[in-house]
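Thank you all for coming; I would like to walk you slowly through one model today.

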Amino acid sequence: MQTKGRAMSRRQFAGMMAAGAAVAMAGLPSCTPKQAAAAEVSKSFDYDVVVLGGGGAGVTAAGKAAEAGAKTVLIEKMGWLAGSSSLCLGGFYGAGNEVQKRAGVEGDTPEALLEYFLSCNGDKLDYDIQEFCAYHFGETIDWLSEELGVPFNDEVYLKGKDTVKRQSKCKNSGMDALSAVYEWAKSQNVEFIFSHTAETLVTDGSGAVTGVIVRDTTGRRYQFNAKSVIVATGGFCRNADMIAEYMPEYTQVATEVGLGCTGEGLQMGLDLGADYIGHGGVNGILWCPVASGQSKLIDKKAMWVDASGKRFANEGGQTHDIFYQVAHFDGAKFYAVYDQAMVDALKGVPASDFQIGLDKGVFTKGETVAEAAEALGLDGAAFQAQLDEYNAMCEAGSDTQFKKKAANMVALTQAPYYVLTMSVSSHGTFGGYHVNTDFQVLDTDGNPIPNLYSAGEVCSGTFIYDDYPAGGCGLNWAYTSGRFAGTNAANAALA
């Protein structure tokens with residue numbers, strides 16, 4: 001089924017999901033409190049494939065499993081499709097696809113993309129996985145755009161340290177892809193069950209996974225028996241203990257990931273002896289404390305400084321690179337300097353956000369930048385000295401510190417001045433299950449755990465080492481791993 005035109009809003013989609021949940025759960029037999037108390041599991045159900053997690057990876061995996069002929073159910077603990085892919089901007093990284101070609105990017109190849117992945121610490125990971133991603137990421141973009149009708153921008157973007165434009169971006173947001181894949185998965189007869197939390201993977205005497213026990217919102221437990229189980233439960237940015245254990249350098253960084261990304265799906269497999277692979281990295285963006293997402297108050301025409309009042313980066317540079325710098329600053333903070341001309345240029349919601357920042361005291365105002373900085377307890381003289389140097393470079397038309405483009409070099413000379421407290425936010429964890437190119441979950445000896453598969457962020461440490469290669473890699477990993485995990489799990493179940 002194709003979906004074209006403007007994507008529905010997240011609120012509309014969440015409402016649709018809640019309604020779908022009610023319909024789906026109407027088919028589950030109820031049981032009395034006495035029966036629930038008499039046995040830990042109230043009822044059992046039989047499927048070929050059970051998928052845990054309703055983000056891009058899980059919905060894609062479920063659809064592909066059903067397409068291959070497997071009786072498939074997807075179980076999501078929230079009341080809607082709550083994966084981080086529902087919140088993202090919708091960039092997909094890949095080479096040699098039709099979106100690229102329509103944008104005039106000719107001659108790009110998977111071989112060239114593989115070289116780039118290997119240069120981004122991919123050489124420290126399984127070569128086969130790097131090769132797999134390089135050769136199949138473009139296919140996934142074509143599947144979404146050509147077969148499912150997902151709308152993409154006409155332009156393709158340069159990201160990371162790459163020299164080739166390889167990011168294809170959905171016209172509206174990541175919901176363009178997720179809503180299209182959801183509709184397609186329903187057309188393949190995938191059953192969706194919401195507001196049910198997976199608690200335990202079930203195994204037989206040999207250690208093979210045979211199902212999962214889930215809990216509903218009333219505390220009743222159900223057992224879903226399956227010939228294959230796919231864990232696609234996302235990362236664990238909202239689990240402080242896991243961040244402290246696996247990503248200790250990022251404990252001070254706030255997060256905006258999906259509410260369901262709390263790590264239980266990963267822990268279930270680790271409890272069975274699954275191998276963990278990860279090297280302490282997270283994905284993230286620049287963040288404004290008074291506005292979620294990529295606020296327009298994070299303006300590359302401002303001057304950005306650290307707590308000492310020194311510029312630390314090209315304000316128009318790659319946001320992921322700047323994220324990794326700021327994440328290691330004390331308090332994970334940086335500061336944006338505005339003058340009145342920049343404030344006057346704000347319109348609509350950003351102007352409202354600006355006033356909220358002033359009211360909360362995270363933004364300050366002064367007749368000089370020194371006065372505004374001192375109101376935040378910062379070194380006013382250092383801020384003034386840096387602004388004077390910055391304005392001189394703007395007048396000369398050349399950033400001799402960080403090579404910022406001349407078009408973004410605008411002198412800040414109109415009093416009053418403002419200092420805005422800014423920060424960073426994590427958008428994903430690079431660590432989880434160790435998988436092979438069939439997306440089987442491996443144990444600590446490197447052997448597949450029978451009947452257990454994984455897709456998406458919960459196994460992203462297999463593909464990404466520590467720093468993000470480029471915007472769109474994580475989202476394409478989710479959908480590509482979902483495509484193959486679903487098909488492979490179904491084929492094994494039906495063999």
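This is a predicted model: local features need pLDDT of at least 70, side-chain atom pairs count only at pLDDT 80 or more; totals for chains, interfaces and linings use all residues.

Strand S4 and strand S5 (residues 167–170) run antiparallel and are joined by three bridges, where strands are DSSP runs of E with at least two residues, helices are DSSP runs of H or I with at least four, and both are numbered from the N terminus. Two strands are said to pair if DSSP finds at least two bridges between them. Within this pairing, Tyr157 stands opposite Gln167 of S5.

Residues are numbered from 1 along each chain as its sequence is written, and side-chain values use heavy atoms, with hydrogens and water left out.

Going back to the strands, S4 and S5 belong to an open sheet of three strands, ordered S3-S5-S4, with antiparallel pairing. Strand S3 (91–93) and strand S4 (152–157) are the edge strands, each pairing on one side only, and from one strand to the next the twist averages 25°.

Now to the helices. Two packed helices are described by the angle between their axes and the distance between the axes. The axes here are lines fitted to C-alpha atoms, for helices over the stretch in contact, and the angles run from 0 to 180 degrees between N-to-C directions.

Helix H6 (residues 127–147) and helix H15 (residues 473–494) cross at roughly 90°, with axes that come within 9 Å, and they are therefore roughly perpendicular to each other, a term that covers 65 to 115 degrees. In their contact, meaning heavy atoms within 4.5 Å, H6 contributes residues including Phe132, His136 and Trp143, and H15 contributes residues including Trp477, Arg483 and Phe484.

Which residues does Arg483 touch? Leaving aside residues up to four places away in sequence, Arg483 touches Thr60, Lys64, His136, Glu139, Thr140 and Trp143. With 13% relative accessibility, Arg483 counts as buried, that is, under 20% relative accessible area with a 1.4 Å probe and protein chains only.

Finally, helix H3 (residues 56–67) packs against helix H7 (residues 175–187) at an angle of about 25°, their axes being 9 Å apart. H3 and H7 are therefore roughly parallel to each other, which here applies to angles under 35 degrees. On the H3 side, the residues making this contact include Thr60 and Lys64, and on the H7 side they include Tyr182 and Trp184.

Notes:
Angles under 35 degrees count as roughly parallel, over 145 as roughly antiparallel, 65 to 115 as roughly perpendicular and the rest as oblique. Buried means under 20% relative accessible area, exposed over 50%, partly exposed in between (1.4 Å probe, protein chains only).
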